Amino acid sequence: MQRKSFWILVCAFLYLSLPAASAQTANKPVDAEGHQWWQHAVFYEIYPRSFADGNNDGVGDLKGITSKLGYLKDLGVDAIWISPCFPSPQVDFGYDVSDYENIDPMYGTLADFDTMASEAKKHGIRIILDFVVNHSSDQHKWFLDSKSSRTSEHRDWYIWRDGKGPGQPPNNWTSTFGGSAWKFDPTTNQYYYHFFYAEQPDLNWRNPAVKDAMFDVTRWWYKHGVSGFRLDAVDTLFEDPNLHDNPVRPGKNAFGDPFEENKYNTKLPEVHEALRGLRKVTDENNGVLIGETWTADIAELNLYYGKGNDELQMPMDFLFTTVNKLSPADFRKQIAAVDSASGWPTFVISNHDIIRSYDRYGDGQHNDQIAKLMAGLYLTLRGTPIMYYGEEIGMKTTPPSRKEEVKDPIGRTGWPKEKGRDGERTPMQWDESDNAGFSTVAPWLPVPPTAKTHNVADESKDPESVLAFYKRVLKLRHTNRALLDGSYVPLNENDQNVLSYLRAYKDQAVLVALNMSGTEQKVNFDMSKNGFSSAKPLAVTGKSSAKGDVVTLEPYGVFIGQLAK
Ligand code: NOJ
């Protein structure tokens, strides 16, 4: 770069304090910048079926999670988001909730939950629950009553309509999981609406009783010690009451349905009013709301923070996961966009619905190195990261090879185009024993062969492992002031191979340089000219190093260093 302009930029940022985010919340800040606890925290998603099996029946559970709190603390996790563990027929593995205020016996009891919560508190780990707001299970007592008659107490808690004619659903909306989004129910001769599986009828959020009942659910869990919620599928909360047909594009999706633009059944403005209401309850409980927000751009993301930062504190930035190649230019663009958003950035690179980051970015040869590179990136940005279990040991997506093995229903209806989400939900790899230390019996999904090479026990002993690097970077992000509070200053913006930036706070700065290429790179940052001595390494991979003004990065190498005057 443009060295002069780079350092002018640096100086301009160095003495700037960050604006206090979420100033509206009455909760106690954790630093001089007014940041809330969740802005300093590292979140970690646990898919409970697959994390740790406490009762050895092949399915993970709450006792299993409790037994691993020490591991999580040591890793550097401050909050765990547990995917749904409520009573459920498990059609969508818990995202079909039949009782919002209890625990599925498969995962344990409410007493087990309370034990987990109090143990987590002792470890300084907060609990975030997954709140499935858009729909319940068709076995929920609300729906059973709703379908029983047109005049039942809960009839209007779901969305019922007459068909257009015999055998014809009310409109052309299709379920995102395949087929019509309407299911005919002969008891009352009407159709009910389901954006997801037919076993997941949509709640009618236009009914104030639904809203109140759902807000009460959160109050109930706050009393059990939770610190907030990840809101499932918020985009789909409201539908056009006039049921306009959605526009259709040519072609068919994996389920054989026409491509449809969800114009009339997603992202309706009414969502925001509901979120503002939920946020009030959240603030009364010092909680945090994380959103499953699939936004098209930052303007849409901004809507979820709310005009007065009064909706979601942490709408997830999935746009980051759409940068699906190691391209410094693309990442730069996306980081700059989210850094300029109206609220605090929330970074996600993997979860239970999408291919793991290990495979998204891996080239098949340097995957471990690239896994460290991605950690070096998203754990050092200004914003809160949400990790996904197993990411820290380099777990690989392992999809089923035959249709008969598929557990996730969409993998069966969409096979082979859509293989479902089993591949990213395989058991956590704790050690290299047969069931990877997850259970003493065969787990509900097979253990991937990579458990022999990528597991917690072995990686804990290896200072060069993916796990060791995650730990190093996570420790830094908890202790380094510039990483906690500093602004993001992009450097060398024309470099095609190396993504680099500063995190700058008052008179401190951390330099992050990430080589996204398979060849060694040397980058001159001109530090001495501008009054900084060479960068002192804080976390580096392999032989990456700094000498004078020059940082040398091995292929896919990471250099994170403190700049000192
Ligand atoms: C989003 C969840 O992440 C996914 O796993 C689930 O199938 C749908 N919402 C429906 O709840």
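Q: How far is an oxygen atom of the ligand from an N or O atom in the side chain of His135?
A: The distance is 3.1 Å. A polar contact is a pair of N or O atoms within 3.5 Å; within protein, one must be able to donate a hydrogen and the other to accept it, and residues adjacent in sequence count only if both atoms are side-chain atoms.

Q: What kind of model is this, and how are residues numbered?
A: This is a predicted model, in which local features need pLDDT of at least 70 and side-chain atom pairs count only at pLDDT 80 or more, while totals for chains, interfaces and linings use all residues. Residues are numbered from 1 along each chain as its sequence is written, and side-chain values use heavy atoms, with hydrogens and water left out.

Q: Back to the ligand. How far are its oxygen atoms from the side chains of Arg230 and Arg421?
A: An N or O atom in the side chain of Arg230 is 3.1 Å from a ligand oxygen. For the side chain of Arg421 the distance is 3.0 Å. The protein covers 98% of the 300 Å² of accessible area that the ligand has on its own. Accessible areas come from the Shrake-Rupley method with a 1.4 Å probe; for residues, only the protein chains shown count as cover.

Q: Which residues come nearest to the ligand?
A: Asp92, Asp232, His352, Asp353 and Arg421 come nearest, out of 13 residues around the ligand. A residue counts as near if one of its heavy atoms lies within 4 Å of the molecule or strand in question.

Q: What is the space taken by the ligand?
A: That space is the largest pocket. On a 1 Å grid over the protein atoms alone, a pocket is an open set of points with protein on both sides within 12 Å along at least five of seven lines, whereas a cavity is a set where a 1.4 Å probe fits but cannot get out; lining residues have an atom within 4 Å of a point. A molecule sits in a cavity or pocket if more than half of its atoms lie within 2 Å of its grid points.

Q: Changing topic: how many salt bridges are there?
A: The count comes to 26, where a salt bridge is a side-chain nitrogen of Lys or Arg within 4 Å of a carboxyl oxygen of Asp or Glu.

Q: Which residues are linked in a network?
A: Asp92, Asp353, Asp408, Arg421 and Arg425 are linked by salt bridges. Within this group, the side chains of Asp408 and Arg421 meet at 2.7 Å, N to O. Asp408 is in the loop between β13 (384-388) and α13 (409-413), and Arg421 is in the loop between α13 and α14 (456-461), 13 residues apart. Helices (H or I, at least four residues) and strands (E, at least two) are DSSP runs, numbered from the N terminus.

Q: Are Asp408 and Arg421 buried or exposed?
A: Both are buried. Buried means under 20% relative accessible area, exposed over 50%, and partly exposed in between (1.4 Å probe, protein chains only).

Q: And Arg425, where does that lie?
A: Arg425 lies in the loop between α13 and α14. Arg425 is buried because its relative accessible area is 1%. A polar atom of its side chain lies 2.8 Å from the backbone oxygen of His352.

Q: Which side chain does Lys63 meet in a salt bridge?
A: Lys63 meets Asp112, at 3.9 Å, N to O. The pair links distant parts of the chain, with Asp112 in helix α5 (residues 110-122) and Lys63 in helix α3 (residues 62-67), 49 residues apart.

Q: Why does Asp112 count as buried, and why does Lys63 count as exposed?
A: Asp112 has 15% relative accessibility, so Asp112 counts as buried. Lys63 has 52%, so Lys63 counts as exposed.

Q: Now the backbone. Which residues does a cis peptide bond join?
A: Trp415 and Pro416, with omega about 0°. Pro416 is in the loop between α13 and α14. Most peptide bonds are trans, and most residues other than glycine have a negative phi.

Q: What is the phi of Asn286, and of Tyr556?
A: Asn286 is not a glycine, yet has a positive phi of about 50°. Asn286 lies in the loop between α8 and β10 (288-291). Tyr556 has a positive phi near 55° and lies in the loop between β20 (550-553) and β21 (558-564).
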